[in-house]
Amino acid sequence: MPEDEDDAWARRARGETELERLDRNWGSLIQELRVVQTGVQFLFGALLVLPFQASFGTLSPGMRALYMATLAAVLGATVFLIAPVSWHRILFRRHRLGNVVAAAHRCAMAGVALLGLALIGAVILVVDYVTGTAAAVATGVVSVALFVVTWLVAPWRWRSGSEDVRADHS
């Protein structure tokens, strides 16, 4: 739904002004970011200590490359998922809530995508180390499918469906 249609819907269905909608959207987004930030930070910390483990030296060059890609993905996820807080602080009392909410939405989407990649990479690393390459590849394929279906396909199907005022709280 384009933004002006969303504004009209919020006025009609919720009796909200544009500012009230932005406040609600900001509050919802911050709650969502709180949920994912803890997991991202934990994963980042776990990945940072891996090279200091004695068994890290036994990783194949391919697994080392996957480790570096996974580390880069979790770093990117961390940056994008924490960025909205910085934006909000820098633009505080500058009457730019619309800009902050729009930018924070884009940052959250990028951060969640990178988190998905980092989680898949981390799972592949662990499964490869514990059981071997074949199981790691299978786990990677299943993980990608799981993320695509639950994080993309299901919400996009609902997004293209008819409007349900009773169930839509966003």
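Predicted model: local features only at pLDDT ≥ 70, side-chain atom pairs only at ≥ 80, totals over all residues.
1. Helix 4 covers residues 97-131, a run of 35 residues. Glycine 132 follows helix 4 and has a positive phi, near 120 degrees.

2. Helix 5 comprises residues 133-159, and its axis comes within 8 Å of that of helix 4, with a crossing angle of roughly 155 degrees. Angles over 145 degrees count as roughly antiparallel, and helix 4 is therefore described as roughly antiparallel to helix 5. The crossing is right-handed.

3. The contact between these two helices involves, on the helix 4 side, Val112, Leu115, Gly116, Leu119, Ile120, Val123, Ile124, Val127, Asp128 and Thr131. Their partners in helix 5 include Ala135, Ala136, Gly140, Val144, Phe147 and Trp151. By class, the residues of this contact are 12 nonpolar, six polar and one charged.

4. Helix 2 and helix 4 have axes that come within 10 Å and cross at roughly 25 degrees. Since angles under 35 degrees count as roughly parallel, helix 2 is roughly parallel to helix 4. Their crossing is left-handed.

5. On the helix 2 side of that contact are Leu19, Leu22, Asp23, Asn25, Trp26, Leu29, Leu33, Val36, Val40 and Leu43. Among the residues they meet in helix 4 are Leu97, Val100, Val101, Ala104, His105, Ala108, Leu115 and Leu119. The contact of helix 2 with helix 4 divides into 17 nonpolar, three polar and one charged residue. Leu115 and Leu119 of helix 4 also belong to the contact with helix 5.

6. Helix 2 packs against helix 3 as well, at an angle of about 145 degrees and with the axes 9 Å apart; this crossing is left-handed. Helix 2 contributes residues including Trp26, Leu33, Val36, Val40, Phe44, Leu47 and Leu48, while helix 3 contributes, among others, Tyr67, Leu71, Val74, Leu75, Leu81, Ile82 and Pro84. The residues here are 16 nonpolar and five polar, with no charged residue. Trp26, Leu33, Val36, Val40 and Leu43 of helix 2 take part in this contact and also meet helix 4.

7. Two aromatic pairs are present in the structure. In one of them, phenylalanine 56 and tyrosine 67 have ring centres 5.1 Å apart and planes at 75 degrees, so the arrangement is edge-to-face. This pair links distant parts of the chain: phenylalanine 56 lies in the loop between helix 2 (18-49) and helix 3 (61-90), and tyrosine 67, 11 residues away, lies in helix 3.

Methods. Residues numbered from 1 in each chain as written. Heavy atoms only, no water. Helix = DSSP H or I, 4+ residues; strand = E, 2+ residues; numbered from the N terminus. Expected span 1.5 Å × (residues − 1). Axes fitted to C-alpha atoms, helices over the stretch in contact; angles between N-to-C directions. Parallel < 35°, antiparallel > 145°, perpendicular 65-115°, else oblique. Left-handed = near helix turned anticlockwise from the far one by under 90°. Contact = heavy atoms within 4.5 Å. Nonpolar A, V, L, I, M, F, W, Y, C, P; charged D, E, K, R; others polar. Phe/Tyr/Trp six-rings, centres within 6.5 Å; stacked < 30°, edge-to-face > 60°.
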